[in-house]
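This report describes a protein model through its side-chain packing, its fold and its confidence values. Please consult the sequence and the structure while reading.

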Amino acid sequence: WNGRLVVQPIEELRAGFAGKEDWQATLIGNVRIRSIRKETVNAERVEYLASTGHVKIWGTPQKPFVVDSAAMGRIIGQFVDLDQATGVGRIEGPGSIVSFESSALIANAAPARAEPEKEGQKKRMTITWSQAVDLTFAVKEAQQSNTPATRPPSEEGRVMNPSTRLEELKSATFFGDVDVDHPQLALEGDRLALKLVNTEKHRQQPEHVKITSRVRAKSRDTKPKDALAIEAEDLEIFFKPDKDGRMQPSRMVATDKVKAAQPDRQITAGLLDVGLAQVERKPETVAPKAGNTEPVAQSQRSVTTVHAMHDVKVRMENPRTLVDGHQLDADAQTGLLQVFGPADKPAKVQREENSIVGRQIIMNDKDQKVKVVGPGEADFVTTGRSTLIAAADSTPAKEATKKPQQPEKVEPHHMHISWLNGMDFDNFTGVGHFRGGVVATS
């Protein structure tokens, strides 16, 4: 500081003080602090209570405080209240968190004393909000070699100068216009709750994320054909460790007014449950973008399973396919697509001009087979094959040189079939088997 330092005893204990030996420091005006753990604070005002390590930091809308931490990266806001004895903190007002390559929150194995502001570091994740953030940290009891073991408690029953310190972040809940910019996915919503865990090799790994109200999500580390965008009122993302011990998205569950889109399909439903898996790519197939000398990821996320319920509607391209039902289950590995519907509103699958209706429709894209369990009906449109009228082999050469006639036009052929017990259809051979009370009209 550049001004005076005033140490003034107080006649009566203030609220929160542990005893007569407790003290509180208040720093005002262009405050700059650097801790022994190389954490830095730049703020307009800082209060620190010695007995509990309770710290309050103020900024202003025009000049917010900035805290650089190895655990979280760079925190920017207007007011934070952090009780280091309990590990509970809250940031009031709008703000942001920027995690760098060395931040444990994003780097998975960052050094304990890494400095986010170090030259050459690159942003890896940014979180912004408009209202507040609730934080919970792990609290570790440190060595108390500098504190007498026989030291009595204070008048209020608390030990003076507790040797505790905050460890990694355990959970965080963001409120108000939350926006997450992450290498794996982009997220938007009114509220976001994040839970972190430590794995065997890495610290502060995401285990569970829940976003509520006006949710927007977009994957970024999937294969191009599996790129997924989701809109919903609620979205949960579950993580599992990969072979290196890093937590990766393994499942996404969206509920209420769900809209999801991939390059070749769109789906709407009341509930959507998507399974994700890591797909390894061969190094020789990975090429860096022009002008980019950074190594390209050798693995990507891929959609493996899809489960949807409640007024499910799907639109797919190539071939044009429409699906309508109460429940849908799809498995990318087996190629199976199952659609279910109740008796009063059976499921329907329409591919090009052909359609099938039934309570349970099973389609296999790999072997091009369709099965309906129980009663149902189908409409088929066949165009047949056009024939070309030309001269026979015995036609003289002179006549064979005549201009060929146009193909004969064949009118589409419509057929409606209903049944009671079930149906199997092979799209490769064009052969179908219908069972029980079969009625066909053409």
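## An aromatic pair and a charge over a ring

F79 has a relative accessibility of 18% and counts as buried, where buried means under 20% relative accessible area, exposed over 50%, and partly exposed in between (1.4 Å probe, protein chains only). The structure is a predicted model, in which local features need pLDDT of at least 70, side-chain atom pairs count only at pLDDT 80 or more, and totals for chains, interfaces and linings use all residues. Residues are numbered from 1 along each chain as its sequence is written, and side-chain values use heavy atoms, with hydrogens and water left out.

There are five aromatic pairs in the model, a pair being rings of Phe, Tyr and Trp (its six-membered ring) whose centres lie within 6.5 Å; planes under 30 degrees apart count as stacked, over 60 as edge-to-face and the rest as tilted. One of them joins W58 and F79 in a tilted arrangement, with 5.1 Å between centres and 45° between the planes. W58 belongs to strand 3 (residues 54–58) and F79 to strand 6 (residues 79–83), so the pair links parts of the chain 21 residues apart. Helices (H or I, at least four residues) and strands (E, at least two) are DSSP runs, numbered from the N terminus. W58 is partly exposed at a relative accessible area of 25%, and R45 lies over the face of its ring, 5.1 Å from the ring centre. Such a charge requires NZ of Lys or CZ of Arg within 6 Å of the ring centre and within 35 degrees of the ring normal.

## A stacked pair

F380 and F425 form a stacked pair, 5.3 Å from centre to centre with 25° between the planes. Because F380 lies in strand 22 (residues 369–382) and F425 in strand 24 (residues 422–426), the pair ties together parts 45 residues apart in sequence. Both F380 and F425 are buried.

K210 is found in strand 13 (residues 205–219) and is partly exposed, with a relative accessible area of 32%. Not counting residues up to four places away in sequence, K210 touches R191, L192, A193, L235 and E236.

## Overall fold and confidence

The protein chain has two helices and 26 strands. Of its 442 residues, 37% are buried. Among contacts with a separation of 6 or more, 52% are between residues 24 or more positions apart.

The mean pLDDT (the predictor's confidence in each residue, from 0 to 100) is 79 for the protein chain, and 76% of its residues reach 70 or more. pLDDT stays under 50 over residues 102–120, which have 54 contacts beyond four places in sequence in the model. It also stays under 50 over residues 284–297, for which there are nine such contacts. Where pLDDT is low, the predicted coordinates should not be read in detail.

Technical notes: Contact means heavy atoms within 4.5 Å.
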